[in-house]
Amino acid sequence: MKRKLVVMLAVLALGGAVAAASVFMSGGPTIKAAAMAELNVTNLSCGSCVNNIQQALAKIDGVGTADISVTNGRGQVTYDPARTSSAAIVKAVTDAGYPSTVRLDLSADDFQKLQSETEQLSAAYVARIGSRLLSRDDFNQALNLRRTSDLGGSASSFDSPQLQAQVWKELKEREVMLAAADVNKIVVQDGEVSLEIERIKAATPDFEQTIKSRFGSPEQFFTKVKENMIINRNIELNVIAGAQTNRDKQLRFSEWYNDTLRKTDVVIFDPAIKQAEASGSSSCGGSCSGSKS
């Protein structure tokens, strides 16, 4: 059955419980000749933390936009260097209950150069995840396959921020786990992949049609199976090895994944993808607040 194929390709069934806690929000006026401070921010737990920081920064004359990631504990704040400073921004965030330090401080000239490079990159890539660039072609292909699958196989121009956010989340999680496997030099031979595909084929009625509708081509399917095997092997050898129960495996995986994501640089080039992630982010409904240190 098609459902069985999906289950066989799932990453351990552990990835489904990964908490997607990334929130990007922006506000404030656009500033000409803006500088940019990138911060390391602690005590972040949900969208309300971002709101608290936004409110604190709104009180500073000269602050432009602020993008805060709950997942990796980083924030990017643009500001007018003639009216305020990165030190003032850090103080405001820290005083709001989220101890912060400056990770990177770009002058107006350097920030403008960075923006120009980002615009050029966005023509071909939607994001950088660690050292891996996610191409626009790969993202669009994943988006189109999801549209077709969700609509029962019919092509459609249907689009929504929620769909983009879901596809982006899945691709980001996959790239983060592939990058981690690459660090551990995990290898899966093509012959192993072919054997696995034969096992899947034997258990899946309408195999060719299923592959075409869900993956586009046999070549794409081969690539996905190989990537799944690489991810699974890394998790089995380096994350859950020795765990005795499913609960222990789940806890180890969740802790490892969240820690890996926090340590992975995720830079979104495409404004629509960035907004899609913001629209699909979780929030604790305003119930949390920073604890002052």
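Here are some questions and answers about this predicted model.

Reader: How is the model numbered, and which pLDDT is needed for local features?
Author: Residues are numbered from 1 along each chain as its sequence is written, and side-chain values use heavy atoms, with hydrogens and water left out. This is a predicted model in which totals for chains, interfaces and linings use all residues, side-chain atom pairs count only at pLDDT 80 or more, and local features need pLDDT of at least 70.

Reader: Glad to start! How many helices and strands does the protein have?
Author: Helices (H or I, at least four residues) and strands (E, at least two) are DSSP runs, numbered from the N terminus. By that definition, the secondary structure comes to 11 helices and seven strands.

Reader: What percentage of the residues count as buried?
Author: Buried means under 20% relative accessible area, exposed means over 50%, and partly exposed lies in between (1.4 Å probe, protein chains only). The protein has 293 residues, and the buried share of them is 42%.

Reader: What share of the contacts with a separation of 6 or more comes from residues 24 or more positions apart?
Author: Contact here means heavy atoms within 4.5 Å. Among contacts in the protein with a separation of 6 or more, residues 24 or more positions apart account for 76%.

Reader: Let's look at strand β3. Which strands pair with it, and over how many bridges?
Author: Two strands pair if DSSP finds at least two bridges between them. Strand β2 (residues 63-69) runs antiparallel to β3 and is joined to it by five bridges; there, Ser-69 has Arg-74 of β3 as its bridge partner. Met-36 is bridged to Thr-78 in β3, and strand β1 (residues 35-41) pairs with β3 in the antiparallel sense over six bridges.

Reader: Is β3 mostly covered or mostly uncovered?
Author: β3 has six residues, and five of them are buried. The strand is therefore, by the buried cut-off, mostly covered.

Reader: Is Thr-84 buried or exposed?
Author: Thr-84 sits in the loop between β3 (74-79) and α3. Not counting residues up to four places away in sequence, Thr-84 touches Ile-60, Asp-61, Gly-62, Val-63 and Tyr-79. Its relative accessible area is 12%, so Thr-84 is buried.

Reader: How are helices α2 and α3 oriented to each other?
Author: Axes are lines fitted to C-alpha atoms, for helices over the stretch in contact, and angles run from 0 to 180 degrees between N-to-C directions. Angles under 35 degrees count as roughly parallel, over 145 as roughly antiparallel, 65 to 115 as roughly perpendicular and the rest as oblique. Helix α2 (residues 47-58) and helix α3 (residues 86-95) have axes 9 Å apart and pack at an angle of about 135°. The two helices are therefore oblique.

Reader: And which residues make the contact of α2 and α3, by name and by class?
Author: From α2 come Ile-53, Ala-56 and Leu-57, and from α3 come Ile-89, Ala-92 and Val-93. Ala, Val, Leu, Ile, Met, Phe, Trp, Tyr, Cys and Pro count as nonpolar, Asp, Glu, Lys and Arg as charged, and the others, Gly among them, as polar. By class, this contact has no polar, no charged and six nonpolar residues.

Reader: How are helices α6 and α10 oriented to each other?
Author: Glu-173, Val-176, Met-177 and Ala-180 in α6 meet Phe-253, Trp-256, Tyr-257, Thr-260 and Leu-261 in α10; by class, that contact has seven nonpolar, one polar and one charged residues. The axes of helix α6 (residues 161-183) and helix α10 (residues 246-263) come within 10 Å and cross at roughly 95°. The pair is therefore roughly perpendicular.
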